Amino acid sequence: MGQRQSKQPSPAAAVHARATTTPTPTPGEDEQQGSALEAERRGRRTTTTRRAAEGAMDTFFLSHGAPTLSIDDTIAAQGFFKSWLPAAVAGAELPRAILVVSGHWEAAAPTVNVIGGNNDTIHDFYGFPKAMYKLKYPAPGAPDLAMKTKELLEQAGFGPVKEDHSRGLDHGAWVPLMFMYPEANVPVCQLSLQSGRDGAYHYELGRALAPLRDDGVLVLGSGSATHNLRRMGPEGTPVPQWAAEFDGWLQEALLGGRHDDVKRYEEKAPHGRVAHPSPDHFLPLHVALGAAGEGAKAELIHRSWSNASLSYASYRFTTAKN
């Protein structure tokens, strides 16, 4: 979805803004992409050997909340993301590459960003402190991963999958990653959501991506457990009942293995349409859940709140053992 611009954007509009403009490719892009491809292939050979002993990677749904997470250390979720590497949340070794499905990129058809060299940092928000617009997260692109993602989706009937050779990382990707992998040394690729499709569709899309986990790829869905920007409140005020009840239902449904209920959250969950007036920040959860495979086990790995009603509940999905 495109950026919504206005002369005096409201805080809600600022949080929810999208990016449609993409940077112009620079000279030498072919050489950069060739270098990125070779580096990614070398990393894949090393990581694949290591992963053979460790097994497939878990997948994760991360609530990234408001863009101010990037500079406000009073937001509890920032501490959680900073603990990612020290606590080895995704394993003791770095992933070979990261595939992010963010609530801030929707397209008419599934689309991957195919980037040689480093990803640009998209500041897809308005009306925030100037310091936020100076932040950069120049993680390497992951062109091999992009093409493998495209191949898997098209083989599963989700094609044609488009390629975007200039789009960088939106804040749903780079804000949590700047704390999780602060050296920006892991290649990153983004996959778009598909406009007008529901949770069940995105769950199946995620299932098509499951083989990536055996190749050392960390699959991340980045959104928000609750995301009604019109009902945000001042910091320090109690969590409203609708938000608490939806957040609690989500935990019970995921940990209880009620995946079909989660796919049909609008009719199954209390206050489903209030918690998510638009599905964009909830659909990344379905992709991450699907990528973990049938019968995946869920674990709540973080919960905190900001702006009264924005839940930062985040989950790990582990493949069921046969």
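User: What makes Val161 and Glu163 contacts of Lys150, leaving aside its neighbours within four places in sequence?

Analyst: Lys150 is in contact with Val161 and Glu163 once those sequence neighbours are set aside, where contact means heavy atoms within 4.5 Å. This is a predicted model, in which local features need pLDDT of at least 70, side-chain atom pairs count only at pLDDT 80 or more, and totals for chains, interfaces and linings use all residues. Residues are numbered from 1 along each chain as its sequence is written, and side-chain values use heavy atoms, with hydrogens and water left out.

User: Why is Lys150 called buried?

Analyst: The relative accessible area of Lys150 is 17%, and buried means under 20%, exposed over 50% and partly exposed in between, with a 1.4 Å probe and protein chains only; Lys150 is therefore classed as buried.

User: Where is Lys150 placed, and which residues of that element are buried?

Analyst: Lys150 lies in helix H4, residues 143-155, a helix being a DSSP run of H or I with at least four residues, numbered from the N terminus. The buried residues of H4 include Leu145, Ala146, Thr149, Lys150, Leu152 and Leu153.

User: How do you know what span is expected of H4?

Analyst: The expected span is 1.5 Å times one less than the number of residues; H4 has 13 residues, and its reach of 18 Å from first C-alpha to last is close to the 18 Å expected. H4 is followed by Gly157, whose phi is positive, near 90°.

User: How many residues does the protein have, and what percentage of them is buried?

Analyst: The protein has 322 residues, and 56% of them are buried.

Conventions: Helix = DSSP H or I, 4+ residues; strand = E, 2+ residues; numbered from the N terminus.
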